[in-house]
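Here's a quick tour of a chain and the ligand it holds.

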Amino acid sequence: MNTDAGLNKRFEIEGRNFSRAGAISTKVKEILKEIGIANPVIRRAAIAAYEAEMNVVMYAQRGRFTLSITPQILSLRVDDEGPGIEDIGLAMQEGYSTATDEMREMGFGAGMGLPNIKRNADRLEISSVPGKGTALGIFFDLSKVKEQ
Ligand SMILES: Nc1ncnc2c1ncn2[C@@H]1O[C@H](COP(=O)(O)OP(=O)(O)OP(=O)(O)O)[C@@H](O)[C@H]1O
Ligand SMILES: [Mg+2]
């Protein structure tokens with residue numbers, strides 16, 4: 001894949017579809033490998049992508065996942081139509097979760113997804129309109145990654 005001019009890919013996330021959950025982050029990881037992004041960045045981006053995708057699956061009706069890459073920045077944008085987040089500060093706290101019993105039985109609901117995204121990204125922007133949806137901008141700095 002020639003990415004000299006940058007790359008932009010868009011995927012749709014289906015809310016509540018647990019059988020397809022994780023498919024987009026797997027695809028994103030493949031693309032990053034294919035275009036030769038440094039492994040430590042791939043690892044961090046894959047974690048963030050998975051957590052963001054799962055939150056849309058668990059809490060929203062649908063979402064749009066956009067991967068963009070320039071020589072300087074790798075960005076993941078995840079916009080959803082859903083209930084939104086009333087208190088972002090609270091949602092960002094480790095251990096805070098509104099996951100249902102059913103989701104917890106599937107192994108989700110530790111309340112670690114958003115904190116994990118924040119920890120792995122170089123920058124996280126999060127905005128939400130209750131009753132409408134949530135938007136995440138997750139950024140990784142590629143210019144500071146040394147060639148190996
Ligand atoms: N896209 C979203 N739409 C609506 N609410 C969300 C969204 N993402 C997160 N939240 C809210 O923020 C809380 C914390 O999210 P976080 O990802 O940190 O934990 P979790 O999804 O509950 O558990 P885990 O990610 O560890 O499985 C969620 O329980 C939910 O209430
Ligand atoms: Mg989560």
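## Who sits around the ligand

A residue counts as near the ligand here if one of its heavy atoms lies within 4 Å of it. Keep in mind that this is a predicted model. Around ligand 1 there are 21 residues, and the ones that come nearest are Tyr59, Asp80, Ser97, Thr98 and Gly109.

## Polar contacts and cover

Ser97 puts a side-chain N or O atom 2.5 Å from an oxygen of ligand 1, while Tyr59 has a polar side-chain atom 2.8 Å from a ligand oxygen.

How much of the ligand's accessible area does the protein cover? On its own, ligand 1 has 600 Å² of accessible area, and the protein covers 93% of that. As for the site itself, the space ligand 1 takes up is the largest pocket.

## Which elements build the site

Two helices, α2 (39–59) and α5 (113–120), each supply at least two residues of the shell around ligand 1. Which element gives the most? That would be α2, with 4 residues in the shell. Tyr59, one of the residues that come nearest to the ligand, falls within the range of α2 (39–59).

## The chain as a whole

Zooming out, the chain has 5 helices and 5 strands. Read from the N terminus, the elements go β-α-α-β-β-α-α-α-β-β.

What about overall dimensions? Taken along the principal axes, the C-alpha atoms fill a box of roughly 45 × 25 × 25 Å. The radius of gyration is 15 Å, which agrees with a compact globule, because a globule of 148 residues would come out near 15 Å.

Terms used: Residues numbered from 1 in each chain as written. Chains lettered and ligands numbered in written order. Predicted model: local features only at pLDDT ≥ 70, side-chain atom pairs only at ≥ 80, totals over all residues. Heavy atoms only, no water. Polar contact = N/O pair within 3.5 Å; in protein donor to acceptor, adjacent residues only side chain to side chain. Areas by Shrake-Rupley, 256 points an atom, 1.4 Å probe, with all protein chains shown as cover. 1 Å grid on protein atoms, 1.4 Å probe; cavity = no way out; pocket = protein on both sides within 12 Å on 5 of 7 lines; lining within 4 Å. Sits in = over half its atoms within 2 Å of the grid points. Rg over C-alpha atoms; globule rule 2.2 N^0.38 Å.
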